[in-house]
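Take the points one at a time, and keep the structure open beside you.

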Amino acid sequence: MQFGIFTIADITPDPTTGRVPTEHERLELMVEEAKLAEQVGLDVFAIGEHHNPPFVTSSPTTTLAYIGAQTKDLILSTATTLITTNDPVKIAEDYAMLQHITNGRVDLVMGRGNTGPVYPWFGKDIRKGLELAIENYDLLHRLWREDVVDWQGEFRTPLQQFTSTPRPLDGVAPFVWHGSIRSPQIAEQAAYYGDGFLHNNIFWPMSHTKQMVQLYRERYEHYGHGKASQAIVGLGGQAFMRKNSQDAIAEFRPYFDNAPVYGGGPTMEDFTKQTPLTVGSPEQVVERYLGMADAVGDYQRQLFLMDHAGLPRQTVLEQIELLGTEVVPVLRRELEARRPADVPEGPTHAAMVAARDAEKGAFDASYRFETGDNWTGLRAEDRG
């Protein structure tokens, strides 16, 4: 299984000191988190995409490229990429470029986001959110797999004999997860393409998560991609740890009570009962997350949110180190021991290339001259 952390890079006042980090400090911390994640043995670092305060993650590809230059093995991902308001041609270009310069260490989580006003900011209609997600991804999927694309849809101008550049590294598109917490249509979309499904269930009870994942698994098998147990599943998570559980509870409580996403809602005790948030010792986090697979089946990726709610820099880094040194090694060992041989591991570029080569033979990486009509200086009528 792959383990990692994700961040939405919120700028939230520290309720114990009142201090508010600058945008620059928050971005620096995000880079520091990613580097530490790799050092302590985590597999994945993912960043969200938001275009409004108090978040500073408006340009995931820029940030991930910078992190990629300072890491060696870390898989760089998103949480999420807005398939509704980003143009699929630009997504195809940007993430193929990122794939090349990181030697394949990139995948994406496609999602609709959770900020309604982002739609008109980018000239889109929120009432068409699902239709946008479906149509845009259909085009993106083709742009990465076909050298020349003819396409016409409802929400953007048509494409005629179009070639997206650069082409995916080694002829294999970045792996795509479809992220949704409440839309069965997105689980259906993930299953239809044989892509991954990431249920970022940090605010949801396990009963709902189980239902969504089960739907995806059933439809994955229906579309002939493999057995339901072989579908590619990811989950979200949250934890705050100290060696002594009572110390963790006392330290995290003011952050929980005052955080924009928690404050004014259920008590911390109720919230930890109803959602994956676990506040306590590393052993308690291990015990809680070992139970996730009992609910949804053996799965491939577990991401944790560790840097939210105004937690100070040093505390965030301590949490990542505890996760990587005391929690993940136990989870990795225990969950790997129970994973059936026919259930795939988490997706990597190398594994996808090997699978493609085994099915179709080695890829010819030669540059394809005279592909689409968007070749500079070459008009369709000149090609004979």
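1. Let us begin with a pair of helices. This is a predicted model, and in it helix 6 passes helix 7 in a right-handed crossing. Helix 6 covers residues 184-193 and helix 7 covers residues 206-222; the two pack at an angle of about 35°, with their axes 8 Å apart. From helix 6, the contact uses Pro 184, Ala 187, Glu 188, Ala 190 and Ala 191, while helix 7 brings Met 212, Leu 215, Tyr 216, Arg 219 and Tyr 220.

2. Now look at a second pair, helix 10 (residues 282-290) and helix 12 (residues 313-338). These helices pack at an angle of about 35°, and their axes are 10 Å apart. The crossing of helix 10 and helix 12 is right-handed. On the helix 10 side, the contact is made by Pro 282, Val 285, Val 286, Tyr 289 and Leu 290; on the helix 12 side, by Leu 322, Glu 326, Val 327, Val 330, Leu 331, Glu 334 and Leu 335. Here the contact of helix 10 with helix 12 has ten nonpolar residues, no polar ones and two charged ones.

3. Which residues of helix 13 are buried? They are His 349, Val 353 and Arg 356. Seen down the axis of helix 13, these buried residues fall within an arc of 65°, so they line one face of the helix. The buried residues of helix 13 pack against helix 3 (88-101). Turn to the other side of helix 13 and you will find Ala 350, Ala 358 and Glu 359 exposed.

4. Thr 85 sits in the loop between strand 4 (81-82) and helix 3. Is Thr 85 buried or exposed? Its relative accessibility is 7%, so Thr 85 counts as buried. Beyond its neighbours within four places in sequence, Thr 85 is in contact with Val 118, Tyr 119, Phe 122 and Lys 124.

5. Ala 309 is in the loop between strand 13 (301-305) and helix 12. With a relative accessible area of 4%, Ala 309 is buried. In sequence, Ala 309 and Ala 259 are 50 residues apart, yet in space their C-alpha atoms are 4.9 Å apart. Setting aside neighbours within four places in sequence, the contacts of Ala 309 are Asp 10, Thr 12, Pro 13, Pro 15, Tyr 255 and Ala 259.

6. Finally, check the backbone. Most residues other than glycine have a negative phi, and most peptide bonds are trans. Ala 9, in the loop between strand 1 (2-7) and helix 1, has a positive phi near 50°. Ala 9 counts as buried, at 0% relative accessibility. Asp 170 also has a positive phi, near 60°; this residue lies in the loop between strand 7 and strand 8 and is partly exposed, with a relative accessible area of 33%. Where are cis peptide bonds to be found? One joins Ala 79 and Thr 80, with omega about 20°, and another runs from Thr 165 to Pro 166, with omega near -5°. Thr 80 is in the loop between strand 3 and strand 4, whereas Pro 166 is in the loop between strand 7 (159-162) and strand 8 (175-179).

Conventions. Residues are numbered from 1 along each chain as its sequence is written. This is a predicted model: local features need pLDDT of at least 70, side-chain atom pairs count only at pLDDT 80 or more; totals for chains, interfaces and linings use all residues. Side-chain values use heavy atoms; hydrogens and water are left out. Buried means under 20% relative accessible area, exposed over 50%, partly exposed in between (1.4 Å probe, protein chains only). Helices (H or I, at least four residues) and strands (E, at least two) are DSSP runs, numbered from the N terminus. The arc is that of the directions from the helix axis to the C-beta atoms. Contact means heavy atoms within 4.5 Å. Axes are lines fitted to C-alpha atoms, for helices over the stretch in contact, and angles run from 0 to 180 degrees between N-to-C directions. A crossing is left-handed if the near helix is turned anticlockwise from the far one by less than a right angle, and right-handed if clockwise. Ala, Val, Leu, Ile, Met, Phe, Trp, Tyr, Cys and Pro count as nonpolar, Asp, Glu, Lys and Arg as charged, and the others, Gly among them, as polar.
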